[in-house]
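User: I'm new to this one and would like to learn how to read it. Could you walk me through it feature by feature?

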Amino acid sequence: MAKDIDINIVRNGACSVVHVEGDIDLKSSPELRAAIMDLYDKRGQERVILDLAGVNYIDSSGVASLVEGLQEAKKRGARFILSSLNDAPRHVLELTRLTKVFEITKTVDEALGL
Amino acid sequence: MVRAMMQEICRQCGFSEMERSEITLAVDEALSNVIKHSYKGSPEGVVWLSCVADDGCLEIVLRDQGEAIDPKCLEPPPPDEIRIGGRGIFLMREIMDEVRFEREGEQNLVRLRKYAKAQAR
């Protein structure tokens, strides 16, 4: 059976780019949450960039994982950036009034340059 | 499977691409709620889903035999950046024209209604 989500992490010093592919939903969001938390908690990352170019669906449990990532980053004085959002995930963030809460960039390169 | 089915039903009802995505998300959130709250995370529970399109209104009913849902869970405050969860019902209410939670005998019902734009009320 195919995995619901693929997570590939590219680390460069204190910055990580998390490439996500698939649907972020009730089933897959715990895996994403764990990957994000691990980067802050165990690997001391100062900037985590979530590349969501491969994500076309996110539900409230996925949104909760993103909020948790943001909260963890803030707690540590680190950054958490969402990048390359497709229309549907962006719309869900709009519906939940969170577009102003997250740092969002059009591309990963833009997030790396911040 | 449910997402693909809902997309197709919404397409046949004439909803726009954005509306199809939204309604699919609302149904997904309702299903997640059933799994999390009625069946306490158990994947064994049965959920019946019915869709009726009539006179410009699509009504989707989810029915389960899990525990009665605590009414306090059904009216969460608007989301804010502090709270991690609790956005599922908020999303359902944002997207659908009507969201009703009912208890009928030993069953929970979630009734979702979406009207075609011209008839939205």
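Predicted model: local features only at pLDDT ≥ 70, side-chain atom pairs only at ≥ 80, totals over all residues.

User: Let's start with sheets. In what order do the strands of the chain A sheet run?

Analyst: The general idea first: strands of a sheet pair through backbone hydrogen bonds, either parallel or antiparallel. In chain A, five strands make an open sheet, ordered S1-S2-S3-S4-S5, and the pairing is mixed. At the edges sit strand S1 (5-12) and strand S5 (103-105) of chain A, each pairing on one side only. From one strand to the next, the twist averages 25°.

User: How many bridges join S1(A) to strand S2 of chain A?

Analyst: Eight bridges do, and S1(A) and strand S2 (residues 15-22) of chain A run antiparallel. To find your way along S2(A), look for A:Ser16, the bridge partner of A:Arg11. There is also a helix on this sheet: H1(A) packs on it, touching S1, S2 and strand S3 (47-54) of chain A. The direction of H1(A) makes about 10° with that of S1(A).

User: And what is the strand order in the chain B sheet?

Analyst: There, the order is S1-S2-S4-S3 (chain B), in an open sheet of four strands with antiparallel pairing. Strand S1 (47-54) and strand S3 (98-104) of chain B are the edge strands. Neighbouring strands of this sheet are turned by 15° against each other on average, direction ignored. S1(B) and strand S2 (residues 57-64) of chain B run antiparallel, joined by eight bridges. One spot to look at is B:Val52, which stands opposite B:Glu59 in S2(B).

User: Now helices. How do I read two that pack together, say H1 and H2 of chain A?

Analyst: Two packed helices are described by the angle between their axes and the distance between the axes. For helix H1 (residues 29-41) of chain A and H2(A), the axes come within 9 Å and cross at roughly 10°. So H1(A) is roughly parallel to H2(A). Residues of H1(A) in the contact include A:Leu32, A:Ile36 and A:Tyr40, while those of H2(A) include A:Ala64, A:Glu68 and A:Ala73. Sorted by class, this contact of H1(A) with H2(A) has six nonpolar, five polar and four charged residues.

User: At what angle do H2(B) and helix H3 of chain B cross?

Analyst: Roughly 145°, with the axes of H2(B) and helix H3 (residues 88-95) of chain B coming within 9 Å. The crossing of H2(B) past H3(B) is left-handed. Among the residues that meet are B:Ile23, B:Leu25 and B:Ala26 in H2(B), and B:Leu91, B:Met92 and B:Ile95 in H3(B). The contact of H2(B) with H3(B) divides into seven nonpolar, three polar and two charged residues.

User: Why does the length of helix H2 of chain B agree with its number of residues?

Analyst: Count 1.5 Å a residue: the 22 residues of helix H2 (residues 17-38) of chain B should span 32 Å, and the end C-alpha atoms are 31 Å apart, so the two agree. After H2(B) comes B:Lys40, whose phi is positive, near 50°.

User: Last one: how many residues of chain A are in contact with chain B?

Analyst: In this model, 16 residues of chain A are in contact with 15 residues of chain B. Helix H2 (60-76) and helix H3 (87-95) of chain A are the elements giving two or more residues to the side of chain A that touches chain B. H2(A) gives the most to that side, with six residues. By class, the side of chain A that touches chain B has nine nonpolar, three polar and four charged residues.

Conventions
Residues numbered from 1 in each chain as written. Chains lettered and ligands numbered in written order. Expected span 1.5 Å × (residues − 1). Pairing = 2+ DSSP bridges. Axes fitted to C-alpha atoms, helices over the stretch in contact; angles between N-to-C directions. Contact = placed C-beta atoms within 7 Å. Nonpolar A, V, L, I, M, F, W, Y, C, P; charged D, E, K, R; others polar. Parallel < 35°, antiparallel > 145°, perpendicular 65-115°, else oblique. Left-handed = near helix turned anticlockwise from the far one by under 90°.
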